[in-house]
Amino acid sequence: MSSQLELYHPLFQRISHWINLINFLVLIITGFLIHSPYPGMPMNLIRNLHFIFMFFLLINGIVRFYYSFLGKYKDYDAFFINSQDLKTFWPQIKYYLFLGKHPETGKYNPLQKLAYIALPIMAIVQAVTGFILYKPEELSGLAGYFGGLAAVRGFHYLLMWLFIAVIAVHLYL
C-alpha cells in the first residue's frame with residue numbers, strides 16, 4: 001500500500017501539498033482579519049504573517065513547479081488536458097453530482113487537471129493584487145489595469161473565496 005502511495009504521490013509531493021494547506025489556512029485567516037479588523041488587533045503582526053506565508057506559498061509553488069519538470073518523479077505531463085479528458089469531462093461532472101458512474105481517467109481526472117492548472121495562476125494573480133494593496137501609491141499604475149484600487153481589493157477578496165471553494169471541494173472529494 002505505501003509503495004503504491006509513494007508511486008502515485010511521492011513524499012515530496014505530499015509534503016508540498018500539506019505546506020500549501022498550512023499556507024492557505026494562515027493566509028485566509030489573516031486575510032479575514034486584515035479585511036475586517038477589530039479594535040486592539042495587532043495589525044502589524046497580522047500583515048507580517050500574511051506576507052510571510054504568501055512568500056512561503058510562492059516559494060513552495062516554485063519548488064513544486066521545478067520538481068514537476070526536473071525532479072525524480074517528474075509529473076508535469078500528468079496535468080496536460082488530452083482528448084480523453086475532453087471525453088470524460090461531462091461524465092466526471094455527472095459522477096460528482098451523483099448522476100452517473102465513475103469514468104475511466106488517468107492519475108488525475110479532467111476537473112482536477114483544470115484546478116491544478118488554475119491554482120498556480122490564481123496564486124500569482126493573488127500575489128500581484130496583494131502587492132498592489134500593500135504598496136498602493138507605488139503600484140497605482142498597475143492598479144489601473146484592474147480598474148483601480150477598490151477593484152483590486154474586490155478582486156483579491158473574490159480570489160480568496162475561490163481558493164476557499166477549491167479547498168472545500170477538494171476536501172469533500
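Ser-68 lies in helix H3, residues 43–70. Helices here are DSSP runs of H or I with at least four residues, numbered from the N terminus. The model is predicted: local features need pLDDT of at least 70, side-chain atom pairs count only at pLDDT 80 or more, and totals for chains, interfaces and linings use all residues. Residues are numbered from 1 along each chain as its sequence is written, and side-chain values use heavy atoms, leaving out hydrogens and water.

Ser-68 has a relative accessible area of 7%, so Ser-68 is buried (under 20% relative accessible area, 1.4 Å probe, protein chains only). Leaving aside residues up to four places away in sequence, Ser-68 touches Lys-74, Asp-75 and Tyr-76 (heavy atoms within 4.5 Å). Ala-78 is 10 residues from Ser-68 along the chain, and their C-alpha atoms are separated by 9.6 Å.

Now turn to helix H2, residues 11–35. H2 has 25 residues and reaches 36 Å from its first C-alpha to its last. That is close to the 36 Å expected at 1.5 Å a residue, taken as 1.5 Å times one less than the number of residues. Its buried residues include Asn-23, Phe-24, Leu-27 and Ile-28.

H2 packs with helix H7, residues 149–172, at an angle of about 140 degrees, with their axes 11 Å apart. Axes are lines fitted to C-alpha atoms over the stretch in contact, and angles run from 0 to 180 degrees between N-to-C directions. On the H2 side, Phe-24, Ile-28 and Phe-32 are among the residues that meet H7. The H7 residues that meet H2 include Trp-161, Phe-163 and Ile-164.

Methods. Helices (H or I, at least four residues) and strands (E, at least two) are DSSP runs, numbered from the N terminus. Buried means under 20% relative accessible area, exposed over 50%, partly exposed in between (1.4 Å probe, protein chains only).
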